[in-house]
Amino acid sequence: MSFSDTVKRAWNDNRLMSVLLELTYACNLDCSFCYNDLSLGGQRLSLSQYRELLDDLASLGVLNLSLTGGEPLAHPHFFEIATHARSLGFVIRIKTNGHAVRGAVARRIREEVDPFLVEVSVHGATAATHDRQTRVPGSFERLVANIRTMKSLGLRVKANSVLTRWNEDEIEDLFALYDQLDVAFQIDPEVKPRDDGDQSTLAIEASSEGQARYRRALEARAKRDVTVIEAPSPAAARKAVMTGTDKHCGAGSNNIAVDPYGRVLPCVQWRVPVGNLHEQRVSEIWAASGTLDEIRETTKAARRKLERFGDAGLVSNFCPGAAHTYSGDPLAIYPPAEQRMVVSGRARVRLTVV
Amino acid sequence: MSTEAPTQRYRVDSHARFRVMDDEGIFVLQDAGEVLVVNEVGAFIVEQLKAERSLDEVVTGITERYAVEAERARSDTTALLDDLLRAGAITRS
């Protein structure tokens with residue numbers, strides 16, 4: 001039995017495996033394309049509620065726990081929550097802008113939290129580009145210094161970047177920066193609408209030339225030094241991932257997200273509450289939420305719909321959550337997915353656990 | 001073949017994480033960035049280790065739970081423990 005088989009079984013059997021906690025929407029940066037819905041309000045979860053939630057998640061056998069925000073370190077009880085999570089044996093990922101992870105804080109994370117991974121947001125290869133996005137002068141220099149500190153402490157670090165019109169001309173320099181810092185990386189070629197549906201963020205979507213440049217750079221890198229499996233086609237690669245399950249994704253089937261106000265969501269991108277922790281324990285929501293059942297059925301419907309497009313559907317990287325944010329319909333094909341359907345190329349699957 | 005003392009105890013390595021999922025166990029080896037999957041019996045053994053049971057107690061537990069003779073249970077258990085020690089999933093207490 002391989003780990004991928006285990007994950008597929010979790011999808012099929014509705015076995016909760018991964019949970020993402022948005023601890024707060026507070027942040028010390030001011031990124032122009034931040035997707036958080038800052039107009040949301042409600043009663044924040046208390047420290048005791050987080051402890052109870054983590055206890056329940058451990059009882060449910062949850063393996064992966066991501067702590068994010070906003071900026072998770074801006075939560076006043078970040079370390080209490082994270083250390084309790086460690087004591088319960090979760091594989092912890094911290095998604096941070098990295099700005100606050102300086103010496104003492106970085107050491108506390110290493111020693112007290114011992115995360116599997118710290119994911120930081122890198123918005124460009126230069127201070128001018130990164131700081132333009134964060135709207136905080138000096139944030140790039142500080143982030144680079146903090147990444148070096150984290151690496152020196154033995155923390156595993158991954159850089160998350162979004163391809164935008166502002167950084168598309170420096171994509172090769174971004175790769176060089178990742179190499180220089182010796183970090184894993186993931187580039188999302190798609191700027192998303194905000195969680196409230198506001199699409200003003202799309203004004204800085206990468207151009208078609210920028211997308212092509214990104215694909216060429218990725219291809220060149222893969223040829224150079226990345227361990228790859230070359231599939232006969234992108235569709236074949238996707239088929240290999242999808243074999244053994246009738247769902248498009250694990251939203252609501254093996255993963256959920258929780259916002260700072262206790263709303264439980266099928267995933268971080270699919271902003272439809274399926275319950276609230278102020279009213280129910282997570283185990284009750286997981287077992288009995290009718291909305292969650294609908295979500296699970298929708299992932300099956302998404303699978304069936306995309307299969308009707310043949311190979312093009314398989315390579316669309318369609319996300320029902322993103323579709324819901326774009327139009328309110330989780331099955332509606334949205335522009336970036338549609339564009340990907342017409343892009344062809346050789347499939348390369350990077351072998352990595354991050 | 002391991003020559004571990006019957007009273008030897010083990011624990012999950014401090015940088016590894018372990019969860020039982022249905023009928024199998026998942027180790028995440030954080031330092032190596034790898035995942036190990038053990039079967040139902042392996043998951044049972046690791047749960048016994050987490051409960052601070054000695055090698056002898058683990059073997060007894062296996063013979064009580066599964067229809068297997070003690071000699072075979074000890075042999076298979078020590079083989080698994082050797083593998084897990086080499087992988088960095090567990091350490092001796």
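Let's start with a definition: two residues are in contact if their C-beta atoms, placed from the backbone, lie within 7 Å. Keep that in mind as we look at this predicted model, where local features need pLDDT of at least 70, side-chain atom pairs count only at pLDDT 80 or more, and totals for chains, interfaces and linings use all residues. Residues are numbered from 1 along each chain as its sequence is written, while chains are lettered from A and ligands numbered from 1 in the order in which they are written.

Now find Val264(A). Setting aside neighbours within four places in sequence, Val264(A) is in contact with residues including Ile256(A), Pro273(A), Leu277(A) and Ile285(A).

Val264(A) also belongs to the largest nonpolar core, which has 85 residues. Such a core is a set of buried Ala, Val, Leu, Ile, Met, Phe, Trp, Tyr and Cys residues joined through C-beta atoms within 7 Å; buried means 20 or more other C-beta atoms within 10 Å of a residue's own, exposed means 12 or fewer, and partly exposed is in between. Val264(A) is among the members that touch the most others, along with Val62(A) and Leu65(A). Apart from that core lies another, of eleven residues, including Leu306(A) and Tyr334(A).

So, is Glu209(A) buried or exposed? Glu209(A) counts as exposed, because there are 10 C-beta neighbours inside 10 Å. The C-alpha atoms of Glu209(A) and Ala220(A) are separated by 16 Å, and the two are eleven residues apart along the chain.

Finally, how many residues does each chain bring to the contact between chains A and B? Chain B gives 15 residues and chain A gives 14 residues.
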